[in-house]
Each structure stands twice: as C-alpha cells, then as structure tokens.
Amino acid sequence: WGLLWRRWMSAPAQDGISEKEALDRVMMIVKAHPKVNPAKLTQSSHFMNDLGLDSLDVVEIVMGFEEEFVLYIPDEVADKLVSVPAAVDFVAKHPKAK
Amino acid sequence: MSASLTIAGLASLAARRDAQRRRVCRLYRKALHHTLDWVIFREPFYKEASKLRARFDVNKDVVDVDAIERLIVKGEAEFKKFQHPEPYAVPWSPEGVTYARNPPLPAEVVVVKDWGREDWSTH
C-alpha cells in the first residue's frame, strides 16, 4: 500500500486532457443546458446555427466550460467558442485544463 | 433615419449592432461571474442567474440602436455598483493568486542534482 501511495505521489501530472475525454465532457456540459435539445446535438454542432441558441445561452455554456475544466477564458477567446468542435479544440490544446 | 438607408449607413449600423451585441455578452458574462461570487452556493446561484437572465430577456426585442445603447450604459453602471470587491479567479490566471509564482528558470541556469555527493570531508 505504501508503494502505491508513493507511486501516486511521484507520478508526473499529465498536461491537459485527451481529445476524446474533452469531447465527452464538452458534450455533457452542452447537454446540461436547459434550452438544448439532446437529440439534435452532434459532434459538429454550432450553438447558434444548429442548436438555435441565443448569444446569452452561449455565454452560459462557456461559463460552464470555465467551471468544469477550471480554466480562465479571456473575453476575446470566449467570443470564438461558438461550436462544439471549436470548444473541444480549445480545451484539448489548453495545457492547464483539468 | 434617412442616413441609415444608404449602403455605407447600413454597414456602419451593422457594425454598431455587432459591437453592442459583444458588449451585452461581456456584461452578461461578468455579471454571471460576480453573481456566483456574491452567492457562493449553487442552488441560490441558479435562482439568481435565472433572475438575471430574465432581466436581460425583457429587452431582447429592442431594435433601436440608441435605445440599446442607453440600456447597455445603464446596465454597466449598475454592474459597477454591484460588482464583488474580491472576485474569484482561477489561480494561474492573470488575476489569480499563483500568477507568475514559480516562473520557469532561464535556459542558462542548469540545475545539477548531485544528491549531496559534494566533498564534505575536505572542508
């Protein structure tokens, strides 16, 4: 047991998240929004065009990403996260995403 | 009104609307974050966030650019009055507590891990 604990303490932290995990978690957050119809959600949905969301709904979803992945997303970057692939790309490439 | 019916007028109007949309989104974003700072628990936060969203939705259909401008200015003044004095920021972010806490060493510095194999006996 002591060996397991020591192994956990000394294992290097993986930087960032894999694409698959990022995709799963991003889809989960978008599905959790009350105005999203989960049947229409695909891997390449655009929030405003495909899912029919408002710009304020997109702001809420981006805040969900910030809370889930413990990220700081500045305003200029947040303006560009308007679709599922854009969000997955951003999160998977971010070195500090948990 | 007639100035806006020319092509250049319409383009500048569209640009103004875009800028206003961005301002509204940023105001909403900051207001949401500061609401979470004031109301730290989740269930009351969802209620307050719904109320905030309802307040924004009341003015959803305003078309006149000047009226929108006035509403935005009013909203920003109200935000300035009710913002949280110490908003929470992610630690490594520029407003956070551990920002630049342990910056990476410059390339010239070489860390040699000798594990105490220096010559203590010769001192």
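In the predicted model, A:Ala78 touches A:Val62, A:Ile73 and B:Arg29, residues up to four places away in sequence not being counted; contact here means heavy atoms within 4.5 Å. A:Ala78 lies in helix α4 of chain A. The relative accessible area of A:Ala78 is 10%, and the residue is therefore classed as buried (buried means under 20% relative accessible area, exposed over 50% and partly exposed in between, with a 1.4 Å probe and protein chains only). A:Ala78 and A:Val62 are separated by 16 residues in sequence, and their C-alpha atoms are 6.9 Å apart in space.

Residues are numbered from 1 along each chain as its sequence is written, and chains are lettered from A and ligands numbered from 1 in the order in which they are written. Local features need pLDDT of at least 70 and side-chain atom pairs count only at pLDDT 80 or more, whereas totals for chains, interfaces and linings use all residues; side-chain values use heavy atoms, with hydrogens and water left out.

Chain A contains 5 helices and 0 strands, in the order α-α-α-α-α along the sequence. Helices (H or I, at least four residues) and strands (E, at least two) are DSSP runs numbered from the N terminus. Of the 98 residues in chain A, 40% are buried. Among contacts in chain A between residues at least 6 apart in sequence, 58% join residues at least 24 apart. The accessible surface of chain A is about 5,900 Å², and carbon and sulfur atoms account for 58% of this surface; accessible areas come from the Shrake-Rupley method with a 1.4 Å probe, and for residues only the protein chains shown count as cover.

In chain B, helix α1 covers residues 7–38. Its 32 residues should span 46 Å at 1.5 Å a residue, and the end C-alpha atoms are 46 Å apart, in agreement with that value; the expected span is 1.5 Å times one less than the number of residues. The buried residues of α1(B) include B:Cys25, B:Leu27, B:Tyr28, B:Arg29, B:Ala31 and B:Leu32. Among the elements that cover the buried residues of α1(B) are α3 (55–68) and α4 (75–78) of chain A, as well as α2 (42–58) and α3 (65–82) of chain B.

The contact between the chains takes 22 residues from chain A and 20 residues from chain B. The area buried between chain A and chain B is about 1,800 Å², with 59% given by carbon and sulfur atoms; buried area is the accessible area (1.4 Å probe) that two parts lose on being put together, summed over both. On the chain A side, A:Leu56, A:Met63 and A:Tyr72 lose the most area to chain B, and together they make up 34% of what that side buries.

Between chain A and chain B there are 7 salt bridges, a salt bridge being a side-chain nitrogen of Lys or Arg within 4 Å of a carboxyl oxygen of Asp or Glu. B:Arg42 forms a salt bridge with A:Glu67, with the closest N and O atoms 3.0 Å apart. The elements giving two or more residues to the side of chain A that touches chain B are α3 and α4 of chain A. The largest share of that side, 9 residues, comes from α3(A).

Over all chains, the structure holds 19 salt bridges. A:Glu68 forms a salt bridge with A:Arg25, the closest N and O atoms lying 2.9 Å apart. This pair links distant parts of the chain, with A:Glu68 in helix α3 and A:Arg25 in helix α2 (residues 19–32) of chain A, 43 residues apart. A:Glu68 is partly exposed at 28% relative accessible area, whereas A:Arg25 is buried at 15%. A:Asp89 forms a salt bridge with A:Lys93, with a distance of 2.6 Å between the closest N and O atoms. Both A:Asp89 and A:Lys93 lie in helix α5 (residues 84–93) of chain A, 4 residues apart, about one turn of the helix. A network of salt bridges links A:Lys35, A:Asp54, A:Asp57, A:Glu60, B:Arg53 and B:Asp57.
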